[in-house]
Amino acid sequence: MAGNGALEQLKREGRIVVVGASLAGLRAAETLRDKGFAGELTMIGDEPYEPYDRPPLSKSVLLGKASADRTALPRLRSVDATWRLGVPASGLDMAARRVRLADGDEVPYDRLLIATGVRARRWPHEGEAALDGVFVLRGRDDGAALARRLADGPRRVLVIGAGFTGSEIASACRERGHAVTVAERGGAPLVGALGGVVGAVAAELQREHGVDLRTGVMVTALDGDAAGRVRAAQLSDGSSVDTDVVVVSLGATRNTEWLAGSGLGAGPRGIACDAGCRAFDIRGIVTDDIYAAGDVARCPHPLFGYQFLSLEHWGNAVAQAEIAAHNMLSDSVDRVPHMEVPAFWSSQFGINIKSVGVPSMGTEILISQGSLESRRFVGVYGYQGRVIGAVAFDQARWLPFYQELIEATAPFPPTFATVDRRPDGQRPMDADFPDPSVPSHGPTVTVSGYSPADRRMTFAPAH
């Protein structure tokens, strides 16, 4: 029987394949090499580019302050890998331990990390989506194409969807002086992620910065001219918007279709994993050679009732990739769980927005510091009598304190007096999240139940 030293040596040899050559894939590859993996490493990516950073695409690239081809992620170390770029994975044979590629090739593995992330949800009407002037924003090519069109000076930009990405796009367009209309089917911007109380502040910000914000409406059709260029949008309230640029920002779709029929526990909500990033098969049995990390993974979190969380966060992609890489090289007793508290940030309309925890699970919110009117505040979210999340508008320095409350499962409302010690005495209020049965552009954290085989999707909180 091999000793621990021999087992560890075996773990550091063989063939590891990483499907997904973006942030999570790159950081996992770097961690594998850093921890002594000396075997064959293959990186598979559907885009022809080496890993690049996505957040600048909706910020500095659209502002014309950076070009999309200058967003490469910094390399922390050499990964000494074989790069298969521009050819997406098309299938997985778990029994033969092979990844099938769209060009017909197959790549064998001993251990596999899936970090295929998400893609932008496109406009559902194919003919309208193909009109010149209709964009989505997810990849480098998307950012470059939209930046070129904005540089041409459009008559009006219509943004469909006021989640974080849609709001950042609207902010960049206004900063460049373009006329902007935002159509949001929810009651306010950011309402799916932060609730109606904070969403009302976001709505005021947009309107004060000159955005023509339309809430509670849906775009029902995009009209084009004889040359195939978009010219107008029809709204559900009977109105129309004349526009020559439309940016569809309706959330993301997880890249799991290529796993259909593989036997892996993967679907529209992502790949079900244990807390150590090991993927489940469709029977709910954890695999020992397949891992997942980043936006495509859904893992149970002990701080949030062991429910499966899917996180579209930059920091989560890095942390999960490092955990997955460590566990791929470790014996069972040395594996560690992914227990990072989710954190997210956004910059829009001159405000720095940061959150920790899972605000979208909250049923109540307490403005514990600052005020909604000043747009400088911290809101603390409560769920079933405990602190579950916090959001800061231009008050990010306080978030580590609230993160500690979340980690300690502190009671809600917090027992301490507010720092401001205002005489009016703040009280918790309904966080005013939309009814989860009504589609919205959604939280950046999706709570999707307990069982990897559960086919229902639940957004928390429920009213």
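Contact here means heavy atoms within 4.5 Å. Keep that in mind as you walk through this predicted model.

**Stop 1: Q395 and its neighbours**

Select Q395, in the loop between β28 (386-393) and α8 (399-407). Leaving aside residues up to four places away in sequence, Q395 touches R376, F377 and V378. Show the C-alpha atoms of Q395 and V378: they are separated by 6.6 Å, although the two residues are 17 apart along the chain. Is Q395 buried or exposed? Its relative accessible area is 9%, so Q395 is buried.

**Stop 2: aromatic pairs**

F377 leads us on to the rings. Across the whole structure, a search finds six aromatic pairs. Select F377 and F393 to see one of them: the ring centres are 4.7 Å apart and the planes meet at 20°, so this pair is stacked. F377 belongs to strand β27 (residues 376-383) and F393 to strand β28, so the pair ties together parts 16 residues apart in sequence. Both F377 and F393 are buried.

**Stop 3: charges over rings**

Next, display K59 with W345: K59 lies over the face of W345, at 4.7 Å from the ring centre. Then pick R298, which lies over the face of F308 at 4.8 Å from the ring centre.

**Stop 4: helix α2**

Select residues 23-34, helix α2. The buried ones include L23, L26 and L32. To see what covers them, show β1 (15-19), β2 (40-45), β3 (82-85), β7 (111-114) and α7 (314-328), against which the buried residues of α2 pack. Just after the helix, look at G36, with a positive phi of about 100°.

**Stop 5: a three-stranded sheet**

Finish with the open sheet whose strands run in the order β4-β5-β6, with antiparallel pairing. Its edge strands, β4 (89-93) and β6 (106-108), each pair on one side only. From one strand to the next, the twist averages 25°. β4 and β5 (residues 98-101) pair over four bridges; zoom in on D93, which stands opposite R98 in β5.

How values were computed. Residues are numbered from 1 along each chain as its sequence is written. This is a predicted model: local features need pLDDT of at least 70, side-chain atom pairs count only at pLDDT 80 or more; totals for chains, interfaces and linings use all residues. Side-chain values use heavy atoms; hydrogens and water are left out. Helices (H or I, at least four residues) and strands (E, at least two) are DSSP runs, numbered from the N terminus. The expected span of a helix is 1.5 Å times one less than its number of residues. Buried means under 20% relative accessible area, exposed over 50%, partly exposed in between (1.4 Å probe, protein chains only). Two strands pair if DSSP finds at least two bridges between them. Axes are lines fitted to C-alpha atoms, for helices over the stretch in contact, and angles run from 0 to 180 degrees between N-to-C directions. Rings of Phe, Tyr and Trp (its six-membered ring) pair if their centres lie within 6.5 Å; planes under 30 degrees apart count as stacked, over 60 as edge-to-face and the rest as tilted. A charge sits over a ring if NZ of Lys or CZ of Arg is within 6 Å of the ring centre and within 35 degrees of the ring normal.
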